[in-house]
Amino acid sequence: MTSVWGIIQSLFQNLKTLASAKAQVTKVQRKIDEYIVYNKANNLFFDEDTDEDLLKAREKLAIKMANVQAAEDRLKQKI
């Protein structure tokens, strides 16, 4: 049988994981936005649909967003 303290620690750990995952998404999204603004202003040939660096960053963002969803799901299961 799990103690109340163990349950609280588990919830706290899940909250920390969720907060960290959301912070990572926010950070990557800001970098993507900055990259787009900079390249639109300074690169005549910039195309969001074909830029390799941007496509890689968006793939990483999708993974991080999936991590947020997984953390939210784990937290919902605990409650």
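View 1. When neighbours within four places in sequence are left aside, K78 is in contact with S10, L11 and N14, contact being heavy atoms within 4.5 Å. Although K78 and I7 are 71 residues apart in sequence, their C-alpha atoms are 8.6 Å apart in space. The model shown here is predicted, so local features need pLDDT of at least 70 and side-chain atom pairs count only at pLDDT 80 or more, while totals for chains, interfaces and linings use all residues. Residues are numbered from 1 along each chain as its sequence is written, and side-chain values use heavy atoms, with hydrogens and water left out.

View 2. N14 lies in helix 1 and is buried, with a relative accessible area of 10%. Not counting residues up to four places away in sequence, N14 touches R74, L75 and K78. K76, by contrast, counts as exposed at 59% relative accessibility, and its place is in helix 2.

**View 3. The crossing of helix 1 and helix 2.** The axes of helix 1 (residues 4–42) and helix 2 (residues 52–78) come within 9 Å and cross at roughly 160°, each axis being a line fitted to C-alpha atoms over the stretch in contact, with angles that run from 0 to 180 degrees between N-to-C directions. That angle makes helix 1 roughly antiparallel to helix 2, a term for angles over 145 degrees. The residues of the contact between helix 1 and helix 2 comprise 16 nonpolar, six polar and seven charged.

**View 4. The largest nonpolar core.** This core, a set of buried Ala, Val, Leu, Ile, Met, Phe, Trp, Tyr and Cys residues joined through side-chain atoms within 4.5 Å, has 12 residues, among them L18, V25, F46, L61 and L75. Helix 1 and helix 2 are the elements that give two or more residues to this core, and the largest share, six residues, comes from helix 1. Leaving aside neighbours within four places in sequence, L18 is in contact with V68, A71, E72 and L75.

How values were computed
Helices (H or I, at least four residues) and strands (E, at least two) are DSSP runs, numbered from the N terminus. Angles under 35 degrees count as roughly parallel, over 145 as roughly antiparallel, 65 to 115 as roughly perpendicular and the rest as oblique. Ala, Val, Leu, Ile, Met, Phe, Trp, Tyr, Cys and Pro count as nonpolar, Asp, Glu, Lys and Arg as charged, and the others, Gly among them, as polar. Buried means under 20% relative accessible area, exposed over 50%, partly exposed in between (1.4 Å probe, protein chains only).
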